[in-house]
Amino acid sequence: MMQPVTPLVPSQAGVTAGTAADASPWLLRPCQDTAQQARELALELADRLRAAIDARGQALLAVSGGKSPLALFAELRRQELAWDRVTVLLADERCVPDGHPDSNGTLVREQLLQECAAAARWQPFFTTLPSQPSSDWSEAELDCLADSANQQLAALPWPLDLLVLGMGEDAHTASLFPAAPGLARALESEQRVAWVRPATAPHARLTLTLPTLLAARAIYLPLSGERKRAVFDQACRAASAEAPISLVLHRALQPVQVWLAP
Ligand SMILES: O=C1O[C@H](COP(=O)(O)O)[C@@H](O)[C@H](O)[C@H]1O
């Protein structure tokens, strides 16, 4: 059944529910611009981390890579909280060596784990990779890498306290890419991590699986730009593996908080 498209009508708090009929509606937060989005989202994420630490003595934070989160990371790393009780990991990683310009892990270490946030514990998906480029890796090699990541991550205090997602203009989120080899397993696996080999983007990837994403205690999706807004509007209509972000929006255990900037 088609879901109604969510109108953007801010409530008094500036947050609106996604759909009245949806069991886990997303929440919309309109922002004036990306600077305000980053500033206010960082304050909210810091409050969430403090609350998790108060409740459970520690916090598990997963962040996304790509180009969008730079302003958010610059604001978040300055927030004063008990960062030494926070473990930071990625929602997804490109299978490239540490220091590569496309490495999400390098981005997080250089842009987020600085200033106050330098005290956080960093949990990478991998530390070493096969020597040839990931485009040449066999499925057995990718299985091996995902198995090793699952072992590394097994001892973390799941579920995620806080998950900050991104979204591509092809409706991928984390590294759940539409129609990609590996996607079917990443959507269903009971493991934390699976591999995906996107046809439309460089590098094989490791990604948190859909069940792992959906179980997060809080999920934020900051978006900006008309093209991403159009993709998001489409994803609101129905849950479909052709638009993996829609699976998160429609099925997350907690309403996804979507922060929309022009
Ligand atoms: O490849 C990826 O893309 C998405 C979106 O990236 P952006 O550059 O459009 O912000 C990102 O969320 C994901 O972590 C990354 O690996």
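Gln-36 counts as partly exposed because 14 C-beta neighbours lie inside 10 Å; a residue is buried if 20 or more other C-beta atoms lie within 10 Å of its own, exposed if 12 or fewer, and partly exposed in between, with C-beta atoms placed from the backbone. The model is predicted: local features need pLDDT of at least 70, side-chain atom pairs count only at pLDDT 80 or more, and totals for chains, interfaces and linings use all residues. Residues are numbered from 1 along each chain as its sequence is written.

Select helix H1 (residues 34-56), where Gln-36 is found. Helices (H or I, at least four residues) and strands (E, at least two) are DSSP runs, numbered from the N terminus. Next, draw a distance from Gln-36 to Thr-87: the C-alpha atoms, 51 residues apart along the chain, are separated by 26 Å.

**Strand E4 and its partners**

Thr-87 has Arg-121 in E6 as its bridge partner. Colour strand E4 (residues 86-90): 4 of its 5 residues are buried, so the strand is largely enclosed by the rest of the structure. On the E6 side (residues 121-122), 2 bridges join the strands, which run parallel; two strands pair if DSSP finds at least two bridges between them. Strand E3 (residues 59-63) is also parallel to E4 and is joined to E4 by 5 bridges. Within this pairing, Ala-62 stands opposite Leu-89. Follow the chain from E3 through helix H2 (residues 70-76) to E4, a right-handed β-α-β crossover. A crossover is right-handed if, with the strands pointing away from the viewer, the path from the first strand over the helix to the second runs clockwise.

**The ligand shell**

Now display the ligand, which 14 residues surround; the closest are Ser-64, Gly-66, Lys-67, Ser-68 and Gly-166. A residue is near a molecule if its C-beta atom, placed from the backbone, lies within 6 Å of it. The shell comprises 3 nonpolar, 8 polar and 3 charged residues.  Here Ala, Val, Leu, Ile, Met, Phe, Trp, Tyr, Cys and Pro count as nonpolar, Asp, Glu, Lys and Arg as charged, and the others, Gly among them, as polar.

**Backbone features in the loops**

Most residues other than glycine have a negative phi, and most peptide bonds are trans. Select Trp-158 and Pro-159, which are joined by a cis peptide bond with omega of about 5°. Pro-159 lies in the loop between helix H4 (139-153) and strand E7 (162-164).

Glu-115, although not a glycine, has a positive phi of about 50°. This residue sits in the loop between helix H3 (104-111) and E6, and is partly exposed, with 14 other C-beta atoms within 10 Å. Ala-179, likewise not a glycine, has a positive phi of about 60°. The loop between E7 and H5 holds Ala-179, which counts as exposed with 12 C-beta neighbours inside 10 Å.

E8 pairs with strand E9 (residues 205-208) in the antiparallel sense over 4 bridges, and Leu-208 in E9 is the bridge partner of Val-193.

Finish at helix H8 (residues 244-251), where 7 of the 8 residues are buried, including Ile-245, Leu-247 and Leu-249. Among the elements covering the buried residues of H8 are helix H5 (183-188), helix H6 (210-214), strand E10 (219-224) and helix H7 (226-237); two residues are in contact if their C-beta atoms, placed from the backbone, lie within 7 Å.
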